[in-house]
Amino acid sequence: MYRYFSSFIFILLAGLSLSAQQQASAKDTLNYNEKYGIRVGIDLSKPLRTLLDDNFSGFQIVGDYRIYKNYYIAAELGTEKITFEGDNILTTTNGSYIKLGGDYNAYENWLDMQNAIFVGVRYGFATFSQTLEQYRIYTSSNYFGPDIREDNTENTGLTASWAEVMIGIKVEVIKNLFLSANVQLKRRIGQNSPTNFDNLAIPGFGRTYDSSEFGAGFGYTISYLLPFYKKARN
């Protein structure tokens, strides 16, 4: 997965460089109209991981809306099913999540381009269930072999929240069509867990670890801009 992500980043950087060259070769102007509207799309990493990873299935819709110059409000809405296989336990987490926040574009565009090198913040909230499929009874002797118990106990109504910082790039590959890649650093804020074990995965957050409240992720998206109006850039 990380190899595919690196290749995607390379393609976007090449596209950003080409766009910059095209802009530099055009006639420079300080005053021009910029598009304002809603941009919607999907995270391509979710269906790709669903195809490649038998322990994961998911889908995510992404969107943002430009409110002022380089500032955008942004949101992601998704669903995930994650199977965790440990040495002594097998669980399945299934649920949905929403992430709300904003982005700041640090890239200076010329003319009618809308590429971005952006920094964003998000608040994430997930509702999910967690099923204990099976577990292994600890024993100091292997004389009788492993004692594995089938359980299939489902705990519903679980919730979790977190904050995340996102860094990424967006490239307009053709008019109003964008490819994007990003990396995320996350920190859990709160959660409620089943009575007999911890949340081993959270939809939208990913894997959890006992010794840390932090997590990480990445994504690459395709989206389309629906322009509502144009506004002169000052």
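The legends below describe several close-up views of a predicted model.

Residues are numbered from 1 along each chain as its sequence is written, and side-chain values use heavy atoms, with hydrogens and water left out. Because the model is predicted, local features need pLDDT of at least 70 and side-chain atom pairs count only at pLDDT 80 or more, whereas totals for chains, interfaces and linings use all residues.

**View 1. Overall arrangement of the protein chain.** The protein chain holds two helices and 10 strands, where helices (H or I, at least four residues) and strands (E, at least two) are DSSP runs numbered from the N terminus. Read from the N terminus, the order of elements is α-β-α-β-β-β-β-β-β-β-β-β. Of its 234 residues, 41% count as buried, with buried meaning under 20% relative accessible area, exposed over 50% and partly exposed in between (1.4 Å probe, protein chains only). Among contacts with a separation of 6 or more, 68% are between residues 24 or more positions apart, a contact being heavy atoms within 4.5 Å. The accessible surface amounts to about 12,900 Å², and 59% of this belongs to carbon and sulfur atoms; the areas come from the Shrake-Rupley method with a 1.4 Å probe, and for residues only the protein chains shown count as cover.

**View 2. The largest nonpolar core.** Eight residues make up this core, namely Y97, A126, F128, L158, A160, W162, I202 and F205; a nonpolar core is a set of buried Ala, Val, Leu, Ile, Met, Phe, Trp, Tyr and Cys residues joined through side-chain atoms within 4.5 Å. Two or more residues each come from β5 (116-137) and β6 (147-174), and β6 gives the most, with three residues. In soluble globular proteins, nonpolar side chains tend to be buried together. A126, placed in strand β5, is buried with a relative accessible area of 0%. Leaving out residues up to four places away in sequence, A126 touches S96, Y97, L158, T159, A160, W162, I202 and P203. The C-alpha atoms of A126 and G95 lie 7.1 Å apart, although the two residues are 31 positions apart in sequence. A160, with neighbours within four places in sequence set aside, is in contact with G124, F125, A126, F128, G190, Q191 and I202.

View 3. E80 belongs to strand β3 and is buried, with a relative accessible area of 4%. Beyond its neighbours within four places in sequence, E80 is in contact with K46, F56, S57, G58, T93, N94, G95, Y97, I202, P203 and G204. Between the C-alpha atoms of E80 and S96, which are 16 residues apart along the chain, the separation is 6.3 Å.

View 4. A search of the whole structure finds three cavities of 30 Å³ or more; on a 1 Å grid over the protein atoms alone, a cavity is a set of points where a 1.4 Å probe fits but cannot get out, and lining residues have an atom within 4 Å of a point. The largest cavity contains about 60 Å³ of space, a volume being the space filled by probe spheres set on the points, which are joined across faces, edges and corners. Its lining consists of E34, R66, N70, Y72, N105, Y107, N109, M113, Q114, N115 and R233. N105 is located in strand β4 (residues 89-105) and counts as buried at 2% relative accessibility. Apart from residues up to four places away in sequence, N105 touches N70, Y72, N115, A116, I117 and F118.

**View 5. Two non-glycine residues with positive phi.** Most residues other than glycine have a negative phi. K69, in the loop between β2 (56-68) and β3 (71-85), has a positive phi of about 45° although it is not a glycine, and at 32% relative accessibility K69 counts as partly exposed. N176, in the loop between β6 and β7 (177-191), likewise is not a glycine and has a positive phi of about 70°; N176 is buried, with a relative accessible area of 6%.

Technical notes. 1 Å grid on protein atoms, 1.4 Å probe; cavity = no way out; pocket = protein on both sides within 12 Å on 5 of 7 lines; lining within 4 Å.
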